[in-house]
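Open the structure in your viewer and keep the selection tool ready. The tour goes stop by stop.

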Amino acid sequence: MAKSFLVIGLGRFGLATAMALVEAGQEVMVVDSDEELVDSVQNIFMHAVCCDVTDERAIKALGVSEFTAVVIAIGTDLRSSILSTLLCLENGAKYVAAKALDENHVKLLEKIGAHKVIQPEKMAGEKIAKTLVSSRLIDVLEFAHNQSVSEMKVPSAWVDKTIGDINVRHKYKVSIIAVRRGGVVNSYLDATFLFEKDDVLFFIGANADLNRVARLP
């Protein structure tokens, strides 16, 4: 079932987030104070609204409490970022994820109650660094302070062996949640599953344990 998202701020980060949600089949409303910018995306989003999100009446009119989550993607205007986040929370938003510019901005957003604070540039840098550490590490999705889902090429030592042979969960303290082979993703895995050379594995576990797996030859 599709979820509903309100994305406030149509800069590069906000627009990219809204587009990704639409492509994932989610219901999205976008909001910005720039009328020309809102007009330019009317053909992309079913609901695009121009309003002042630092005005409580405008926030009430958006019905923020009806959305699964609100994304505050306002760029360099610190006042608008903080005030719109606060107003969304005060008007019943179930979950608010807000973009931060720096550590001081992070502290302010956390202090007023944002559920998730995002620093896009920092996240991108950390992701690139993790990718560079290992030639086998394809992608990393961090979902908690020290837990991640990682996508990696199968270690060469695992080829032609089963999950049971390697005893992945016991030996490496990570779990394989799916395997992509020939463009098909298989999530129904048991101890008899046999790894092949070009398999791509999806792991879940603590970052330290995932990094240990990523360093395998």
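The stops below cover a nonpolar core and then the salt bridges.

This is a predicted model: local features need pLDDT of at least 70, side-chain atom pairs count only at pLDDT 80 or more, and totals for chains, interfaces and linings use all residues. Residues are numbered from 1 along each chain as its sequence is written, and side-chain values use heavy atoms, with hydrogens and water left out.

**The core.** Select Leu6, Ile8, Val70 and Cys88. These have the most contacts inside the largest nonpolar core, which has 25 residues. Such a core is a set of buried Ala, Val, Leu, Ile, Met, Phe, Trp, Tyr and Cys residues joined through side-chain atoms within 4.5 Å. Buried means under 20% relative accessible area, exposed over 50%, partly exposed in between (1.4 Å probe, protein chains only).

**Cys88.** Centre on Cys88 next. Leaving out residues up to four places away in sequence, Cys88 touches Ile8, Ile59, Val64, Val70, Ile72, Ala93 and Val96. Contact here means heavy atoms within 4.5 Å.

**Salt bridges.** How many salt bridges are there? The count is four, each a side-chain nitrogen of Lys or Arg within 4 Å of a carboxyl oxygen of Asp or Glu.

**Arg57.** Show Arg57 with Asp55: their side chains form a salt bridge, N to O 3.3 Å. Arg57 is exposed at 67%; Asp55 is partly exposed at 23%.

**Arg181.** Move to Arg181 and Asp199. Their salt bridge spans 2.7 Å, N to O. Asp199 is buried, at 2% relative accessible area. The closest N and O atoms of Glu196 and Arg181 are 3.5 Å apart.
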